[in-house]
Amino acid sequence: MARTDVFFTDRKTESSYNMLDKLEHVFTELGLDKVIQSGNKVMIKTHMGLHGNTNHLRPVYVSKLVDLVKSAGGIPFVSDTCSLGYGNARPYGGRTTAPEYLARAIKNGFSQGTLGAPIVIADGYWGCDTHNVSIDGKHIKSVPIPAALLDCDVVLVLTHSKFHHTGLASTLKNLGVGLVGKGGKLAVHCPTGIEIEADKCLGSDCSKCIDVCPTRCITITDTVSIDWDHCKQCGHCASICSGVVKAGAIKMTWSGKDMGERIVENALGVVNSIGSEKFYYFNLAIDISDMCDCVCYGAPLLMHDVGIFGSTDPVAIDHATREAMTEMHPNRDSPAVEKLNELLTKSDVFFDHGVSIGLGTKDYELKLLKR
Ligand code: SF4
Ligand code: SF4
């Protein structure tokens, strides 16, 4: 298969060719039934949704890939990473440690029983079990790679394609936010990193930030100091100090600045970590709203379902997905419909920057699959 093919099957279904059959069709066209060798360790990277988010991918799509990997002789595991910061607070909380995430996943129907394979939170209990990979990005020079990725022979990136405020939230975001440790997520969302205003610290009578620091690199005397050489930039201390204690001595400042470019630079670090040839991408452009699956609600849908895409190129598959979404009739009843054109257009930053850093191409051939 040429590296720039993007396979596509639309949303039309019938009893003998349903969405699971179509997912298998894409899997086969990608050659995965032959690529996956006996005993290969295969990560199926997906997102299992936040509690209350009702738009995330149904577990049955994941279990279908699990079955296909097993049929090919591989050893599958289902994986995602912890979310940024610490704690259960809405709207983004509930996935900030591995146990939190696994508890949420079960409520959303994802378990070893339903999937047929173990769920492994790839960056460990704290979201900090990572290995740094160097890149020469415009913004990012080092990407924390989840340890579980490093042992994989094949990675199937199964993505729910929808939007978030920077545009298309699809494969590139699943790589550049979803498959990096917390330090990588901080570099995307809070480019200034962890900041200290030591004079606001309440001192050793508080010390609540120390309990959640995975590397125990915080020292509290009359005030706070951090041993930056051992800091993972996980944001736990900032969540507690600014969000719970409300002292504001440690903080992380959210910013959308250069977010799209930062995401694709992280994605480059991810694929470089074990080699881009090990990654295969599936976009399920269904249940498409203006919000990603990291929020605790399912936003009203913006358009009719599009279908399933498959490729070995992360830029090409997302570009093809955006182009197809552009052709869809918008749902005029969606409260976000006025934002749709802007969301479609601003997605260009992902593709243009992805091409400029060598992550992928917009020069692909769309191959329509029919049964
Ligand atoms: S949580 Fe904040 S106020 Fe409390 S000890 Fe830590 S830095 Fe100081
Ligand atoms: S000091 Fe660094 S490693 Fe420790 S909790 Fe804060 S951000 Fe995480």
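Which helix gives the largest share of the shell around ligand 1? The largest share, 3 residues, comes from H9. The views below show a predicted model, in which local features need pLDDT of at least 70, side-chain atom pairs count only at pLDDT 80 or more, and totals for chains, interfaces and linings use all residues. Residues are numbered from 1 along each chain as its sequence is written, and chains are lettered from A and ligands numbered from 1 in the order in which they are written.

**View 1. The shell around ligand 1.** Of the 14 residues around ligand 1, Cys-201, Cys-206, Cys-209, Cys-241 and Ala-247 come nearest (a residue is near if its C-beta atom, placed from the backbone, lies within 6 Å). Two or more residues each come from helix H8 (208-211) and helix H9 (236-245) (helices are DSSP runs of H or I, at least four residues, numbered from the N terminus). By class, this shell has 12 nonpolar, 1 polar and 1 charged residues (Ala, Val, Leu, Ile, Met, Phe, Trp, Tyr, Cys and Pro count as nonpolar, Asp, Glu, Lys and Arg as charged, and the others, Gly among them, as polar).

**View 2. The shell around ligand 2.** Cys-213, Cys-231, Cys-234, His-236 and Cys-237 come nearest among the 15 residues around ligand 2. The shell divides into 10 nonpolar, 4 polar and 1 charged residues.

**View 3. The contact of H11 with H13.** Val-315, Asp-318 and His-319 in H11 meet Phe-350, Phe-351, Gly-354 and Val-355 in H13 (contact: C-beta atoms, placed from the backbone, within 7 Å). These residues comprise 4 nonpolar, 2 polar and 1 charged.

Definitions and conventions: Two residues are in contact if their C-beta atoms, placed from the backbone, lie within 7 Å.
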